[in-house]
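Q: Please take a close look at a single part of this structure, and describe it in one connected answer for someone who has not seen it before.

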Amino acid sequence: MDLVIKNGTIVTAAESYQADIGVNGETIALIGRDLSGDEVIDAQGMFVMPGGIDPHTHMELPFMGSVSADDFRTGTIAAACGGTTTIIDFAIQGEGQTLREALDIWLERAEGKASIDYGMHVAIGAMDDERMIEMGDMVDIGVPSFKVFMAYKGLFMVDDETLFRSLIRAKEIGGMISVHAENGDVLNYLINKHVAEGKKEPIWHALSHPPEAEAEATHRAVVMAGMTGAPLYVVHMTCAGALEALKAGRAKGFKVYGETCPQYLMFSMEKYEEPDFEGAKYVMSPPLREKGNPEALWKGLASGDLQTVGTDHCPFNFVGQKDMGKDDFSKIPNGMPAVETRLPLIYHFGVNEGRFSINRFVELVATGPARLFGLLPRKGTIVIGADADLVIWDPDKEFQLTRENLHMNVDYSPYEDVTVKGYPAMVLLRGKVIVNDNEFVGEVGAGQFLKRNPIHL
Ligand code: URP
Ligand code: ZN
Ligand code: ZN
């Protein structure tokens, strides 16, 4: 064996047990007792888990007159330090572009900069007959998931026919459609009305994005998934009403799956009323919701009604970016830094606080995303033959999520006063240590593009 990780407790989505892991080259070669190897990592007292998979990031996304502050270099280093070894980002089809052209732009951004492995979804801007054919080509080159925005009118939003056609095609080719589910026409009306009435503080962002608009769009997408038989993944779910729509679809046997993000579990919409424009730090779409919704989401994660925790990592600096909307909430770039803090927050507030087991935690942050997005068994679990993407997790390490302790390229932490217990001690990517005690020691650009499998759920 090139490397043996000894004395740890292996934790997968299915079980926890004591064993050593033997790594040869980039993959797990053996799991058993008393293994020996050229190099040894002692994981006594630690959990050894599969590296996290974040299925929802936006590195260097050009958006709302700015560009998200993490590029593939800084964003993937931050992800690694928080225990994530794979991200799936979004290439977004621009006006007049083919899907391939959009994908190539994003692949160029990532290549040579990503320090962890990465896949791509393609977000569909238009769905003519040629693009429908092209969706099949995407699956063939390892991009089997597509995003449709039901919101951001005049920017990313597409109509219902485009969504319906995308679902039909996805079903034929082994693809899956993700949706940003909010009723973009309703939002557009409310945003314009509130701005015209001079209601321009950050709270009006939330009041222009009501939960009913999310629940309605989720219901609409779920019904279309049922009509077409295609799998559907609803990203960044925030509220009980949307969750009910998803549950109703699953109860009918539709292949519909849901993601939420730490920010929707941690905060409620009071944040928007913080003084000195601080509320802008939490402006994202959908917005934070009224109290009660976060607990409904936690319950959904525990019960299996929700399948994953992603991040929707899309950071903008408070100074120089968020403040573009100082006088008008509709100009605040939407999004939050999140890729680094996902595992620690979900472990601390999920496992330590008794909401679910450590195995469910692994399912939500690693195995579930791998299963849904065509990465199993290479990523997301600990089996012989899998990539040796491993997090050696110290359950006793206390860590404050301040700006100074984190690596994301943004001038604030939304969790400045939060201390979690449980943090990565070490992170390995394909058999190489890339993080040691919160320090990135890997190689910039060593991340590989992942050709994912077709999705048949
Ligand atoms: O506010 C958000 N969520 N920004 C990123 C783009 C998106 O909607 O996912
Ligand atoms: Zn979105
Ligand atoms: Zn997003």
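A: The site of the zinc ion (ligand 3) is irregular, with angles of 87 to 141° among its 4 donor atoms. Donors are N, O and S atoms within 2.8 Å of the metal (3.2 Å for Na, K and Ca), and water is not among the atoms, so sites may look incomplete. Four donors count as tetrahedral if all angles lie between 85 and 135 degrees; four count as square planar and six as octahedral if opposite donors are over 155 degrees apart and all others between 65 and 115; anything else is irregular.

This is a predicted model, in which local features need pLDDT of at least 70 and side-chain atom pairs count only at pLDDT 80 or more, while totals for chains, interfaces and linings use all residues. Residues are numbered from 1 along each chain as its sequence is written, chains are lettered from A and ligands numbered from 1 in the order in which they are written, and side-chain values use heavy atoms, with hydrogens and water left out.

The zinc ion (ligand 3) is coordinated by His 56 (NE2), His 58 (NE2) and Asp 312 (OD) at 2.0 to 2.2 Å, and these donor residues follow the sequence spacing H-x1-H-x253-D. The zinc ion (ligand 2) lies 3.8 Å from the zinc ion (ligand 3). Its protein donors are His 180 (ND1) and His 236 (NE2), at 2.1 Å, and the site of the zinc ion (ligand 2) is also irregular, with angles of 56 to 151° among its 4 donor atoms.

Several of these residues also surround ligand 1, including His 56, His 58, His 180, His 236 and Asp 312, where near means having a heavy atom within 4 Å. The shell around ligand 1 divides into 4 nonpolar, 7 polar and 1 charged residues.

Notes:
Nonpolar A, V, L, I, M, F, W, Y, C, P; charged D, E, K, R; others polar.
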